Amino acid sequence: MTDDGPLTARESWAFALKLYAEPGVSDACLKLQAEAGVDVMLLLVATFAVAQRRIPLTPSDIENMDRACRPWREQIVHPLRAIRTALKLGPAPAPSVASEQLRAQIKAGELAAESLENDLLVAWLGQYASQQRRSTRGEVSDVLHHVVRHALGKEHHHRIDGLSPAIGAILSATDKLLQ
């Protein structure tokens, strides 16, 4: 299904949640985040742009999208994630029932922060109009690879081969959503 109306953050967020919920996608995204430094929200919005809205994105576009959301991600999303993660094991009084309740609240805040990052990225994408043709699987694959290569940095591009199964899982799930 494609939508030729105005690009909306709500549409992008719904796509991101749906794709992330597909079997194997959350594990693949977390692997790319942990091993390559991929910004999962950037990856999901870029996938939405090319797969759902048929907006072809270049490596330069990915760099510009990253630049648009980097301050928010680094100053808000990452600190929330670090606090949530730290509460899994301590310091005292964590882990406990009380600290798990706090962790759940911080997780909700982290999700809200990621939603706001989605809004930033969709605003950046607003300069592009949807294309009148269906994106190819190769175009979706290319965008996924662009995002991972960008996160890895030029000196680590060679590591992308080890991440191919994670990229493939996201690509397959995207194919399934668009059928």
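## The nonpolar core

The largest nonpolar core in this predicted model has 44 residues,. Leu32, Leu57, Met65, Val148 and Ile170 are the ones with the most contacts inside this core. The biggest giver is α3, with 11 residues. As a bit of background, nonpolar side chains in soluble globular proteins tend to be buried together.

What does Leu57 touch, once its neighbours within four places in sequence are set aside? Its contacts are Ala46, Ala49, Ile62, Met65, Trp124, Leu125, Val143 and His146.

## The largest pocket

Now for the open space. The largest pocket holds about 440 Å³, and 15 residues line this pocket. Nearest its centre are Tyr20, Leu30, Glu110, Leu111 and Glu114. By class, the lining splits into 9 nonpolar, 1 polar and 5 charged residues.

Which helices supply at least two residues each to the lining of the largest pocket? They are α1 (9-21), α2 (25-36), α3 (40-52), α4 (59-86) and α5 (97-125).

## Salt bridges

There are 11 salt bridges in the model. Side chains of opposite charge can pair when their charged atoms come close. Take Arg73 and Asp39, whose closest N and O atoms are 2.6 Å apart. Arg73 sits in helix α4 and Asp39 in the loop between α2 and α3, so this pair ties together parts that are 34 residues apart in sequence. Are Arg73 and Asp39 buried or exposed? Both Arg73 and Asp39 are buried.

Glu110, one of the residues nearest the pocket centre, forms a salt bridge with Arg81 at 2.9 Å, N to O. With Glu110 in helix α5 and Arg81 in helix α4, the pair links parts that are 29 residues apart in sequence. Glu110 and Arg81 are both buried.

Arg103 counts as buried because its relative accessibility is 13%, under the 20% cut-off. Glu100 is partly exposed, at 39% relative accessible area. Elsewhere, shared partners join Asp39, Asp66, Arg70 and Arg73 into one salt-bridge network.

## An exposed alanine

Ala34 is in helix α2. Why does Ala34 count as exposed? Its relative accessibility is 67%, and exposed means over 50%. Ala34 and Trp13 are 21 residues apart along the chain, with 22 Å between their C-alpha atoms.

Key: Residues numbered from 1 in each chain as written. Predicted model: local features only at pLDDT ≥ 70, side-chain atom pairs only at ≥ 80, totals over all residues. Heavy atoms only, no water. 1 Å grid on protein atoms, 1.4 Å probe; cavity = no way out; pocket = protein on both sides within 12 Å on 5 of 7 lines; lining within 4 Å. Points joined across faces, edges and corners; volume = space filled by probe spheres on them. Helix = DSSP H or I, 4+ residues; strand = E, 2+ residues; numbered from the N terminus. Nonpolar A, V, L, I, M, F, W, Y, C, P; charged D, E, K, R; others polar. Core = buried A, V, L, I, M, F, W, Y, C linked by side-chain atoms within 4.5 Å. Buried < 20%, exposed > 50% of the residue type's maximum accessible area, 1.4 Å probe, protein only. Contact = heavy atoms within 4.5 Å. Salt bridge = Lys/Arg side-chain N within 4 Å of Asp/Glu carboxyl O.
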